Amino acid sequence: MPVEATAGVLTAIGLLMLVGACGKSAQIPLYVWLPDAMEGPTPVSALIHAATMVTAGVYMVCRSNAIFSRAPIALLAVTIIGTLTSFFAATIGITQTDIKRVLAYSTVSQLGYMFMAAGVAAYSASIFHLMTHAFFKALLFLGAGSVIHGIGGEQDMRKMGGLRKYMPWTFWTMLIATLAISGIPPFAGFFSKDEILWQAFSSPHGSKIFWFFGVITAFMTSFYMFRLIFLTFTGEYRGAKPEAGSSHGSHDDQGHHAPHESPWLMLAPLVLLGVLSIIGGWVGIGNRFEHFLDPVIQKVSVEQSVAQNGEAVTKPVSDGEGAAEESKGLENILMGVSVLVAFSGLGLAWFLYVKRPELPSRIAEASGGLYTLVLNKYWIDELYSAAIIGPLVALSRVVLWQTIDQKVIDGTVNESAVAARDVSQIIRQQQSGLIRSYAGWIAAGAAAVVAYMVWMGTR
């Protein structure tokens, strides 16, 4: 006989699944591994960390919508974690100077956007942003790899600058990706990000607070991404100067060479992804992408009215019911706000890093401890090291290694060998080669046998 799950059981299942999704998709507080994983080659980062592995948690939440839609508390937890992650990671990305680390925290922030969309039950918008994000984030990672290759392995943006004239193809493709991730129309990211913000505002599971943090995050995203573009491609080249006579393709003894464009083997994927970053979002026009996902998204919402038997009552609703209830005019206004903040981030980045490049350092000095706090990523890595990694290392060293491994396991093996050696030494003494000794042992053995037989016979 089938048993129906109550709202409490579904909530517990949803929250436990959320914990796994947070680790897989780098959400607060389990996000610190992803920026460190960016030490790998940029093609690996582009494939695994932009489109496949890290998005698995988002996919799991959306694919398990039948559970989460019936567990409003778990759904709210998804929204809160996603909103905080997107905002928190964006603040860190503002101050980073390593070009790949900026993109790493950008990935964490965009994953938070996807979680926020899933949390407000806009599952199709979440998957839509997952798809468009794959295009422009893979392009950004591969573009960063092209930049690093073109200047001899340098990743510090403070040592770049002026690369537009040396690497035009890399510049234009990365600019397209930056316009897309910033949510500027008609690029791919505009359609998916605007849909997420609209659903966060209008969905029955949404809130104006979530929408507000989403808009602020969109502003910061635009700012730090155009900061990357301006620091990398505009102004004068600030990197190490090549020695006289070094060509674009030759390295000097220090590994420095003149900046140069990457070969077409590296540029061809950038161009292809650039095209997808432009047109990839157009499939969302007319809700075609949402209709495509209809077979796998169960459109239900939970009403927290309790029947006499204590079970939650559900009723079917449209996945975009909130959007249908709001006026089209309000949707257009909110879309205009999202575009405005995107251009505002672009303008602020241009003013600080092109028009007045001396201002960022002065602002950093004036902000004092706040800038240091954000630059050091709120000391979260150090906190993890002191609270978790350090104790685990000490436990492993003292208990697992020095006690269990060395004293118990190795001690058992070593002491067994010592005991076997000592016994062998004693037994070896009996093999003296003297006939009188052997005769004595034979006599002693015979006496023992006779004594045993007599004893057995008297019983």
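Colleague: Hi! At what angle do helix H8 and helix H10 pack?
Modeller: In this predicted model, helix H8 (residues 123-150) and helix H10 (residues 188-202) pack at an angle of about 155°, and their axes are 9 Å apart.

Colleague: Thanks. Roughly parallel or roughly antiparallel, then?
Modeller: Angles over 145 degrees count as roughly antiparallel, so H8 and H10 are roughly antiparallel to each other.

Colleague: And is that crossing left-handed or right-handed?
Modeller: The crossing of H8 and H10 is left-handed.

Colleague: Switching to charges: how many salt bridges do you count?
Modeller: The count comes to four salt bridges. Among them, aspartate 156 pairs with arginine 158, with the closest N and O atoms 2.8 Å apart.

Colleague: Is aspartate 156 buried or exposed?
Modeller: Aspartate 156 counts as buried, because its relative accessibility is 14% and the cut-off is under 20%.

Colleague: Nice. What does arginine 356 form a salt bridge with?
Modeller: With glutamate 358, the closest N and O atoms being 2.6 Å apart. Arginine 356 is partly exposed at 31% relative accessible area, and glutamate 358 is partly exposed too, at 33%.

Colleague: Which side chain does aspartate 422 meet in a salt bridge?
Modeller: Arginine 421, at 3.7 Å from N to O. Aspartate 422 is partly exposed, with 37% relative accessibility.

Colleague: Last topic: which residues make the nonpolar surface patch?
Modeller: That patch of about 880 Å² includes Ile388, Leu392, Val398, Leu400 and Ile409. Valine 398 lies in helix H18, residues 380-429, and at 40% relative accessibility valine 398 counts as partly exposed.

Definitions and conventions: Residues are numbered from 1 along each chain as its sequence is written. This is a predicted model: local features need pLDDT of at least 70, side-chain atom pairs count only at pLDDT 80 or more; totals for chains, interfaces and linings use all residues. Side-chain values use heavy atoms; hydrogens and water are left out. Patches are made of residues with over 30% relative accessible area and no salt bridge: like charges are joined within 9 Å, nonpolar side chains (Val, Leu, Ile, Met, Phe, Trp, Tyr) within 5 Å. Accessible areas come from the Shrake-Rupley method with a 1.4 Å probe; for residues, only the protein chains shown count as cover. Helices (H or I, at least four residues) and strands (E, at least two) are DSSP runs, numbered from the N terminus. Buried means under 20% relative accessible area, exposed over 50%, partly exposed in between (1.4 Å probe, protein chains only). Axes are lines fitted to C-alpha atoms, for helices over the stretch in contact, and angles run from 0 to 180 degrees between N-to-C directions. Angles under 35 degrees count as roughly parallel, over 145 as roughly antiparallel, 65 to 115 as roughly perpendicular and the rest as oblique. A crossing is left-handed if the near helix is turned anticlockwise from the far one by less than a right angle, and right-handed if clockwise.
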